[in-house]
Amino acid sequence: PLIRNGRTLLPVRVLVEQLGGTVSWDAKARTATVKLGDRAVVLTVGQNTASVNGRSMPIDASNPKVVPEIINGRTFLPLRFVGENLGLDLAWDAASQTISFTYWP
C-alpha cells in the first residue's frame, strides 16, 4: 500500500480474491472491475469517478485528486472507496498508519 493525496492506495487483487471476490483488468480501457458478492465496482486509471453497481459516483468527493494509478506495472486502487462499496468496514489508525477491516458476507 501507499499513501497518495492523503488516501491509501492498494493493489487489491489478493485482498479481494481472499474474500471470495474477483478482479478483472481491461488493459485497453485501463479499467479494473472488482466484484464481491452481489456488488461490482468499476474504476478507470486516472479518473476520479467510478461505477458502483452501474451507478456513477465520485471516488472521493472531498479530494478529486484521488484516482486509480498504475505504479511499476501494478494497478493501485483507493482502498476505502473500493472496500466500503464492496461491503467492508474499514478503520484507520493514524498513529501506526495501519488499516483494519471486517467483512461479513
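A: A residue counts as buried when its relative accessible area is under 20%, as exposed when that area is over 50%, and as partly exposed in between. The model discussed here is a predicted one. With a relative accessible area of 48%, Asn-53 is therefore partly exposed. Asn-53 belongs to the loop that links strand E6 (49-52) to strand E7 (55-58).

Strand E6 itself is the part to examine. In a regular strand, side chains alternate between the two faces of the sheet.

E6 has a partner in strand E5 (residues 39-44), with which it pairs in the antiparallel sense over three bridges. In this pairing, Ala-50 of E6 stands opposite Leu-43. The hairpin of E5 and E6 has four residues between the strands, and Gly-46 in this hairpin takes a positive phi near 85°.

E6 also runs antiparallel to E7, and four bridges join the two strands. Here Ser-51 has Ser-56 in E7 as its bridge partner. The hairpin of E6 and E7 has two residues between the strands. In this hairpin Asn-53 takes a positive phi near 50°, although Asn-53 is not a glycine.

Note on methods:
Residues are numbered from 1 along each chain as its sequence is written. This is a predicted model: local features need pLDDT of at least 70, side-chain atom pairs count only at pLDDT 80 or more; totals for chains, interfaces and linings use all residues. Side-chain values use heavy atoms; hydrogens and water are left out. Buried means under 20% relative accessible area, exposed over 50%, partly exposed in between (1.4 Å probe, protein chains only). Two strands pair if DSSP finds at least two bridges between them.
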